[in-house]
Every structure is written in C-alpha cells, then in structure tokens.
Amino acid sequence: MRKFKDFIWGDGEYNYEASYGFCPSIHGFIHDEVDDKRDVMLVVPGGGYCMCTPHESEIVGDVFYKQGMNVFVLTYTTDITMSVPLKMQPLEDVSRAVRYIRKKDAEYNIDGKKLILCGFSAGAHVAGSLAVHFKDVADKSEEYATISNRPDGAILAYPVITTGEFTHEYSVQALLGKNPTDAELEYFSLEKQVTSDTPPCFIWQTLTDNLVPVENSYLMAEALRKQGIMYAHYVFPTGFHGLSYPCEKFFTPQVGGEYGFEQLEKAVAAVKAGHGVRVSEQRKKELEEQFPDKDESGENVAADGERVLSAEEKAWCDEIGLWPELARVWMSRI
C-alpha cells in the first residue's frame, strides 16, 4: 500500500478566514499493483461542519480498500468556533478534491474508472451537495477547470440533507451562520436540488438516530425516486448516530485518521491564545471547557484493559456492518 498526503489547494488559492493555518488535503491509500486500474472511493468524514471525525475516515476507507478500491480521505474546511460561516467553501473543497484526483488518474492508477463519494452526517451533506450542485462549482484554476467534478455515485450515511423541519440545526449554523437567507437555505436543502443529472446514491441510516432525524434519508430517497435516479435506501432498526462501520476497532479509542482534528486543534489553540477570528466570549468559554489542556505528559489519560463489546454492539456489527457489502453490490450496477 502506498500512503501519502496531498494538499488540494496551491499557494494563494485557499483563503478561508478562520483556517488558522490549516489547508484541506487528501490522504491516499493506493494499491501497489500499477497495471491494475481500480475504482476510487473518496471518504468525506462528518463532524457537524465543526471537525472531520476520525471514526468516519480510515476505518471506512480500509473496508473499501480491501474490496479492491483505491481510497482517499478528505479533510475539508470546518469551523469549531462557529464564528465564520463556511458557505461554499466545503463544497469547493470536495469539488477540487475530485478534480485533483482525476487530474492524477495515471499516477493513482484510476484512469477510466469510477469515482464514488462516501460521506457521513455533515460529510454526507458535503458529498450530497456536490452530487446535486456539481455544475455550479467552477474551478478558477485553468489546471483543473476542464476536469469533471461530477462523482459517479455518492454514498450518504446518516446524512444531513434538509434545512427544513427535520434539519440538524448546528450543522446548518456552522455552514451558513445564524441568519442565513431564504435563498441559502433553499440551495443547501439537498432534497429540493435533485435533478435528472444527479448521480446514483446509496443511503443508509438507523431508525433511532439520535442526532439527525431519519426523515432526512427518506426526503432524499423520495427526491431521487421522483427524478428517476438509481438509488438504494436502507434503514436499520436500531443504532445511534455516527456508527460509521461498526466493528471491534470502531469501539476502540484510536481508530486511525486522527489528522481529521488538525483544523479543530489549531482553532482551539488560537482561541485559547486570544487569536480567534470573531469568536464570542461565550463560545470561547465553551471551547475551553470542551477541550481542556492535556496533562503534563502531553497526553490524555486512557483507560486500561481490553474493551468487551455488549450484546447490542455485537448486533450492530453483525447487522449495520453489512452496509459496505451492500454498497459494493450497488456500485457494481453503476
């Protein structure tokens, strides 16, 4: 396996105000066999548009890597301070990531193969936004402008879809601010933006999702059905929000992909040092309480001993853990 990190924006291209030195990147996991062209999975972690959560990145990418795909994990722009609305930046990040990967199709051994997005929660909103709005995102660089940013398909896992009645309020607030316009709410309510050009989608969620109402999945599935878009929609009976790929590793503290916290950590450090960008005193206090300083060794104290899964957790592994195989079959039909 060849592993690497590439920044998707060049010098002078990325200017999000509250980046705190962060720049979006892709983390690649490429098969070594150079003569074997492979489909691509671009994983887009969730995190409420406040971070890119590790448990929705490499643990998922590893499953699709073992299915034979070349895998990339995207760290896109987020804002844990919720002070500078993200607006179009995450959508522009994922659009550039798709173009960046396709531009290097020979190097990545993917030319002529499918590129699928796999987003979770708010990351599914990022992926879904590109699926419905790919025509709107022009790339200012001549190097990428003519490369297609339309994904061949999108996996939307427990997705944030709507800005309406069943929305996830905090994701929308981080994305659009506290006072979005009606036009912005309409644009980012993805079930209202599906067209006949939207790529096929695979959607899954749990009925008991405790953060993002399951109605989000149904709204997207119905919008796809009305437009005649090929889709699959699975609703599992139980399970909490954020189950990603439930397996023994999922329930351990370190799942890989901790680099997804890079922008969060830079932002929190800046806020504590008094350098936050338009961060309110209330939000500063919240972040200081939520992210206390580490102990003198520089490490958080972890619990000892091997964790034993509960019967319910094992059931989730057996049932919800089937979704990547279901997705593999679905992808074969695209």
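Me: A nonpolar core is a set of buried Ala, Val, Leu, Ile, Met, Phe, Trp, Tyr and Cys residues joined through side-chain atoms within 4.5 Å. Which residues have the most contacts inside the largest one here?

Reply: This is a predicted model, in which local features need pLDDT of at least 70 and side-chain atom pairs 80 or more, whereas totals for chains, interfaces and linings use all residues. Residues are numbered from 1 along each chain, and side-chain values use heavy atoms, without hydrogens and water. The largest core has 70 residues, and Ile26 and Leu42 have the most contacts inside it. Helix H3 (residues 122-133) supplies its largest share, 7 residues. Apart from it lies another core of 32 residues, including Val43 and Trp330.

Me: What makes Ser57 buried or exposed?

Reply: The relative accessible area of Ser57 is 1%. Buried means under 20%, exposed over 50%, and partly exposed in between (1.4 Å probe, protein chains only). Ser57 is therefore buried.

Me: How do you know whether Phe4 is buried or exposed?

Reply: Its relative accessibility is 17%, so Phe4 counts as buried. Tyr108, at 0%, is buried as well.

Me: Why is the pair of Phe4 and Tyr108 called stacked?

Reply: Aromatic rings (Phe, Tyr and the six-membered ring of Trp) pair if their centres lie within 6.5 Å; planes under 30 degrees apart are stacked, over 60 edge-to-face, the rest tilted. The centres of Phe4 and Tyr108 are 5.4 Å apart and their planes are at 15°, so the pair is stacked.

Me: What makes the pair of Phe72 and Tyr108 stacked or tilted?

Reply: Their centres are 5.0 Å apart and their planes are at 55°, so this pair is tilted.

Notes: Helix = DSSP H or I, 4+ residues; strand = E, 2+ residues; numbered from the N terminus.
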